[in-house]
2 protein chains.
Amino acid sequence: MEIATIKDIAKALNLSTSTVSRALRGSYEINPETKRIVLECAEKLNYRPNPIALSLKENRSRAIGVVVPEIDNPFFSQAINGIEAIAYNRGYHVVIFQSHESYDREVVNIQHLASRRVDGVLISLSGQTTHVEHLKELHTKGMPIVFFDRFSDEINTHKVVADNYQGAFEGTEHLINSGKKHIAHLAASPTLSITRERINGYKAALEKHGIPYNEDFVKYCNFSIEDMEKVIDELLSQPILPEAIFTVSDRLAMACLKILKKRNIRIPEDMALMGFSNLKVAELLSPSFTSVIQPALEMGQRAAELLLDLVEKKSKIPVYQTITLPTELVIRDSTKTASE
Amino acid sequence: MEIATIKDIAKALNLSTSTVSRALRGSYEINPETKRIVLECAEKLNYRPNPIALSLKENRSRAIGVVVPEIDNPFFSQAINGIEAIAYNRGYHVVIFQSHESYDREVVNIQHLASRRVDGVLISLSGQTTHVEHLKELHTKGMPIVFFDRFSDEINTHKVVADNYQGAFEGTEHLINSGKKHIAHLAASPTLSITRERINGYKAALEKHGIPYNEDFVKYCNFSIEDMEKVIDELLSQPILPEAIFTVSDRLAMACLKILKKRNIRIPEDMALMGFSNLKVAELLSPSFTSVIQPALEMGQRAAELLLDLVEKKSKIPVYQTITLPTELVIRDSTKTASE
DNA sequence: TTGTAAGCGTTATCAT
DNA sequence: ATGATAACGCTTACAA
């Protein structure tokens with residue numbers, strides 16, 4: 001990996017490194033002829049500036065850190081896709097970190113990010129995270145941070161989220177409109193902002209249609225399959241069986257399908273199933289699975305734009321904003337909708 | 001972002017930077033008491049070594065670059081998951097690049113990687129890539145490179161692949177065993193190594209069972225949905241309709257489902273559908289969709305291990321190997337299998 | 001227009 | 001056991 005440096009060019013041309021440096025970038029104060037020679041030589045030696053030296057000098061890395069619970073989750077990989085697109089266009093690299101839904105791991109990630117001297121951080125909190133001192137410290141030290149999807153109110157910065165309230169409202173209302181009254185809501189970690197927003201949307205839809213809220217129909221579970229199945233089993237072992245289940249993730253829907261199948265409960269005849277989803281393979285799914293699609297890609301893009309604006313100090317005094325992007329209700333089997 | 005440096009500690013303690021440096025790492029040649037004081041002060045100032053300065057000095061970045069066609073593809077996001085796990089454990093960071101199946105973009109990615117001074121590269125080639133001079137140059141300059149999934153024979157290095165031949169063979173044989181004779185094979189780019197291997201497996205299964213190979217049943221298509229649908233339409237407009245379609249990706253299977261639905265062809269009664277898949281939501285799929293699952297996570301892990309061994313020169317004279325991991329045939333609806 | 005020198009944070013070498 | 005200095009690659013006052 002022998003790579004030519006500015007010194008090599010200087011030596012080859014009998015110039016000083018500063019002249020070479022000037023020729024290579026700002027063309028001010030430089031003899032056009034010298035510049036030509038330098039560029040030619042740089043080309044010949046296949047010179048590439050060393051970004052590490054640059055980083056050391058400028059105290060910036062031209063890289064942003066992204067902390068997500070799991071890369072291998074369609075929502076986050078789509079979001080990263082959006083982030084990468086924007087970062088790439090603006091000359092930044094993306095360094096990925098996974099918290100694996102663990103608070104401890106998230107803290108370690110943040111330490112790594114800080115010591116890696118990334119120029120900014122995009123983060124979606126882990127399901128375990130209940131306090132954010134680790135981020136607060138980083139933020140007060142001046143590190144630009146932008147939340148997407150899962151945020152904390154304790155840090156005053158940009159937030160880019162899906163309209164979880166409206167998404168849950170519409171989804172729930174769709175179930176109500178197709179004749180369901182007993183609707184269960186299978187939520188994720190109660191500590192997450194998205195969980196609260198979704199439950200509120202769910203409640204609002206029930207209320208609008210005069211359906212009493214039944215606490216037993218709302219279940220929380222973490223991200224392990226075992227836990228999901230346990231919770232679903234509990235839900236289905238109650239005296240009153242729901243007529244529909246609204247899940248907040250594909251994995252939960254999957255777990256539901258499995259349990260329902262085991263109990264010989266037919267979908268959608270015996271029980272309707274719907275929920276938040278991010279699969280790109282909609283057509284491969286059971287046609288009766290109506291879903292609330294999140295704008296993952298766009299969330300990533302918007303978050304990255306906001307972050308890079310902060311990093312590049314486009315606005316001297318940042319006015320932090322919360323951007324809420326709409327979800328989309330996708331009904332696959334329209335025949336089922338109007339009926340009943 | 002004011003972060004304490006070794007200088008700050010030295011100043012605070014009236015020591016030289018070299019003493020502080022020694023106290024901080026190698027504990028040889030240092031007064032235990034001095035060491036204690038330094039560590040205490042470092043703790044107080046929340047000192048974190050600057051990896052950029054380290055990188056400059058050591059001419060290494062402790063980061064590896066990963067080039068994949070699309071992050072937002074379950075196969076690659078699972079592979080990245082495996083890569084990240086290994087890299088994390090061994091103290092490396094992962095910098096992600098996407099080629100978006102474009103050769104030009106892949107070349108740019110490689111340039112970025114090189115100038116970023118990553119310590120090694122993991123790559124799965126783009127569907128457009130037919131020559132690999134960009135990688136050859138990097139490799140001959142000494143950059144460790146490991147291929148996973150999609151490789152080129154022109155570069156002598158480690159390769160980690162799925163057993164595409166066997167996967168396609170088993171999948172095709174499964175269709176044959178369930179009574180199908182006219183089996184179409186929907187392949188990806190003909191330039192990719194995986195495409196060749198899979199077609200060979202497909203052919204071998206046909207041959208084993210005495211079914212003549214029909215060229216019209218093998219179609220190539222690129223990664224755009226439009227192209228997929230066009231090719232599938234062509235396939236279904238031929239004089240002899242296949243009884244089964246073997247697809248090499250989830251997106252292709254999806255496109256098939258769409259077209260088949262439009263033409264009112266029932267699955268699996270009129271036409272069986274199966275193929276390579278990487279979805280984690282198997283249970284959400286149509287129960288008749290049999291799939292050949294690729295060991296994406298493990299491929300990422302193995303590739304990362306091999307790369308980091310190269311990077312750390314564990315073996316002075318590397319013996320490059322090709323690791324082939326088995327695929328898994330997952331039959332969801334066992335009732336259909338034995339019948340017919 | 002070009003060269004000299006200092007500095008970014010760290011470590012290794014060579015004094016002391 | 002500790003300190004001074006050079007070096008990693010690059011930019012930028014400041015000098016010439």
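How many residues does the contact take from chain A and from chain B?

Modeller: Before the answer, a word on the ground rules: this is a predicted model, in which local features need pLDDT of at least 70, side-chain atom pairs count only at pLDDT 80 or more, and totals for chains, interfaces and linings use all residues. Residues are numbered from 1 along each chain as its sequence is written, chains are lettered from A and ligands numbered from 1 in the order in which they are written, and side-chain values use heavy atoms, with hydrogens and water left out.

The contact (heavy atoms within 4.5 Å) takes 56 residues from chain A and 55 residues from chain B. The size of an interface is often given as the accessible area lost when the parts come together. Here chain A and chain B bury about 5,400 Å² between them, with 60% of it on carbon and sulfur atoms; buried area is the accessible area, taken with a 1.4 Å probe, that two parts lose on being put together, summed over both.

Turning to the side of chain A that touches chain B, the elements that give two or more residues to it are α4 (51-58), α5 (74-89), β2 (93-98), α6 (103-116), α7 (133-140) and α11 (250-262) of chain A. These helices (H or I, at least four residues) and strands (E, at least two) are DSSP runs, numbered from the N terminus. The largest share of that side, 7 residues, comes from α6(A). By class, the side of chain A that touches chain B has 27 nonpolar, 15 polar and 14 charged residues, where Ala, Val, Leu, Ile, Met, Phe, Trp, Tyr, Cys and Pro count as nonpolar, Asp, Glu, Lys and Arg as charged, and the others, Gly among them, as polar.

As for the pairs across the contact, there are 13 residue pairs in polar contact between chain A and chain B, both residues being at pLDDT 80 or more. A polar contact is a pair of N or O atoms within 3.5 Å; within protein, one must be able to donate a hydrogen and the other to accept it, and residues adjacent in sequence count only if both atoms are side-chain atoms. Between chain A and chain B the count of salt bridges (a side-chain nitrogen of Lys or Arg within 4 Å of a carboxyl oxygen of Asp or Glu) is 0, while the count over all chains comes to 30 salt bridges. One of the salt bridges joins the side chains of A:Arg90 and A:Asp309, at 2.9 Å from N to O. This pair links distant parts of the chain, with A:Arg90 in the loop between α5 and β2 of chain A and A:Asp309 in helix α12 (residues 296-311) of chain A, 219 residues apart.

The arrangement of the two copies comes next. A rotation of 180° with 0.1 Å of shift along its axis superposes chain A on chain B, with an RMSD of 0.1 Å, and that is the relation of a two-fold axis. Copies are superposed by least squares on the C-alpha atoms of residues with pLDDT of at least 70 in both. Since 98% of the interface residues of chain A are also interface residues in chain B, the copies meet through the same surface.

Helix α4 of chain A also belongs to the surface near DNA strand C, being one of the elements that give two or more residues to it. A residue is near a strand if one of its heavy atoms lies within 4 Å of it, and 25 residues surround DNA strand C, with A:Lys57 among the closest. A polar side-chain atom of A:Lys57 lies 3.1 Å from a base nitrogen of DNA strand C, and an N or O atom in the side chain of A:Lys57 is 3.4 Å from a base oxygen of DNA strand D.
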